[in-house]
Amino acid sequence: MKLRYVLPCAVALFGLGMADAQSVSTSSIPHLEKRGQATQLMVDGRPFLILAGELTNSASSSMEYMAPYWPKLAAANMNTILAAVTWELVEPEPGKFDFALVDGAIREARRNHLRLIFIWFGSWKNGESSYTPLWVKKNQKQYPLFLSESGQAITYLSVFKEANWKADANAFAAMMRHIREVDGEAHTVIMMQVENEVGCPGATRDYVPEAKAAFNAPVPRQLMDYMVKNKENLVQEFRQYWEAAGGKTSGTWAEVFGNQPMTNEIFMAWYYALYVDQVAKAGKAEYALPMFINVDLGPAIGGYSSGGALPIQLNVWQRGAPAIDIIAPDIYLPNFAEWCAWYDRSGNPLWIPETRGDTANAFYAIGNHAAMGISPFGIERQADAATPLAEAYGLLAQAAPEILEAQAKGAIKAVSLNAQHPTETVKLGNYSFAFSMGRMRGPAPAAGGNAQASASYAIVISTGPDDYTILGSGVQATFNGPGPSPAAVAKLEEGAYVDGRWVPGRRLNGDDIMLNYDAPNKFIKNESGQGFRIASGAPKALHLQIYGY
Ligand code: DGJ
């Protein structure tokens, strides 16, 4: 079910030509809120589950290109689109701003009942400064570039030059001011990404004179004092790295962290963080939307994008850039669950702004790490209501109020199964669930169709002492109670949420709850042989009540 909302503000109505939007708005701007065990994004006074997709890099530079995609994205059950806004197009001449594309995206998003997260391609996009305006690119004297160890200028703006961050922060602030003016009431724009996958690919650290001096100077007290004060709570690998170098509480970067390549990365992380913090702070002074950075995870920890917020740098970035609310991993690598765990630490809420369109991963992050949402990349290319992602978003959107409440209560878990990890036991509430990959398969996918027909995943929500909601696909599970007697199905029904209300479908019993009819042998093992199955294909919802014999 889509959230629909209106623009109470006349400026926004006439300026952006909105006549067809409907329903709710409040004046509180989107913000992050700690609700019970989860940090959630609040939009119009309610927690919001971000079921998003990110456009390809150049898509939002043309309203004509985007025109056919907006309704398709909405039809594919997205509630939010991540779209780039580039410094070069926003400030084509110094101090002259053009927000036509920002306004156009807001107008189309509203028309299609979508929210937006803008991505600020400012000083860097994957390290490169290719989105800076030409007047910045051409004036390297005023806006100096990064120097490699051999003294070669590289097309990355240097983080060590005040003129660079000041020019970026000025443009970003102007844009945030504009967004407040046109959207401060309607809240179509719900978050901002500041820069893109920051870090210097292929290089270790900057060698401009200020950078060399900073590297040979003591580690700034701001960072050192934070490390000493929070030693017990630092992310394990960062603390271990520091301790392996002697655990000193003062000294140069090489003295404190050792004369190792990773020390260059920590040094660059600190200075990138300070720079990005200035940009975010200037934007927040105009309009304080939640702001995040996204992270290129590289091929491995300690990989090539020196200075990016890899897991080992989490604390450095948190201390260096307090105006950044979330450090958000772009998870393309296969060990999805581990990356979720590495970013669900140190008070950092999980939000995944780029990934593949994998439905099992979406369920896993939302169910096991209280993720505030997920956003596959290149979304206009997969904007189709018949994709597995669209089907999964359809169910997650229906169940979002229940999911968000369960995240806050810590009453939700998830499993994602595959050939390497075919079973998992989940303990939640009074019972534990022994999940395995479903044996009851759905219909074979049409040629070129459902590429994920064999995905096996589920979210389990505890809704009462003996009651559960299960959302999933391609799984089955038996359950066990806390005591010595086996547990069995009191009531199992499939159904759907209509306007937030559960509407039961079939009441399941007989073959549909018996996973094993050999009751005598099962009872010896304290099992009833009963459970549930969900066929593969489009995910389904079940309501389950359990009782102990
Ligand atoms: C990660 C970047 O952040 C995106 O902008 C895009 O370039 C993707 N990689 C492409 O896979």
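Is tyrosine 131 buried or exposed? Tyrosine 131 is buried, at a relative accessible area of 14% (buried is under 20%, exposed over 50%, partly exposed in between, with a 1.4 Å probe and protein chains only).

## Ground rules

This is a predicted model, so local features need pLDDT of at least 70 and side-chain atom pairs count only at pLDDT 80 or more, while totals for chains, interfaces and linings use all residues. Residues are numbered from 1 along each chain as its sequence is written, and side-chain values use heavy atoms, with hydrogens and water left out.

Start with the largest nonpolar core, which has 137 residues. A nonpolar core here is a set of buried Ala, Val, Leu, Ile, Met, Phe, Trp, Tyr and Cys residues joined through side-chain atoms within 4.5 Å. Leu73, Phe118, Met192, Trp253, Phe257 and Trp317 have the most contacts inside it. Helix H12 (residues 261-286) supplies the largest share, 13 residues. Helices (H or I, at least four residues) and strands (E, at least two) are DSSP runs, numbered from the N terminus.

Leaving out residues up to four places away in sequence, tryptophan 317 touches Val198, Ala269, Tyr272, Ala273, Val276, Ile293, Gly307, Gly308, Ala309 and Ile327 (contact means heavy atoms within 4.5 Å). There's also a second, separate core of 25 residues, with Leu417, Val426, Leu428 and Leu508 among them.

## Aromatic pairs

The model has 27 aromatic pairs. Rings of Phe, Tyr and Trp (its six-membered ring) pair if their centres lie within 6.5 Å; planes under 30 degrees apart count as stacked, over 60 as edge-to-face and the rest as tilted. One of the pairs is phenylalanine 121 with tyrosine 131, tilted at 4.5 Å centre to centre and 45° between the planes. Phenylalanine 121 is in strand E6 (residues 115-125), while tyrosine 131, 10 residues apart from it, is in the loop between E6 and helix H6 (134-137). Phenylalanine 121 is buried too, with a relative accessible area of 0%.

Tryptophan 135 and tyrosine 143 pair edge-to-face, at 5.9 Å centre to centre and 70° between the planes, and both are buried. Elsewhere, ring pairs link Phe160, Phe215, Phe238, Trp253, Phe257, Phe267 and Tyr271 into a cluster.

## Charges over rings

For a charge to sit over a ring, NZ of Lys or CZ of Arg must be within 6 Å of the ring centre and within 35 degrees of the ring normal. Lysine 231 lies over the face of tryptophan 242, at 5.4 Å from the ring centre.

## One face of H14

Helix H14 (residues 336-343) has Phe336, Trp339, Cys340 and Tyr343 as its buried residues. Seen down the axis, these fall within an arc of 105°, so they line one face of the helix (the arc is that of the directions from the helix axis to the C-beta atoms). Their cover includes strand E11 (291-296), helix H13 (314-320), strand E13 (326-331), strand E14 (352-355), helix H15 (359-368) and strand E15 (373-376).

## Alanine 399

Alanine 399 belongs to helix H16 (residues 388-409) and is buried, with a relative accessible area of 1%. Setting aside neighbours within four places in sequence, alanine 399 is in contact with Leu471 and Tyr497. The C-alpha atoms of alanine 399 and serine 305 are separated by 38 Å, and the two residues are 94 residues apart along the chain.
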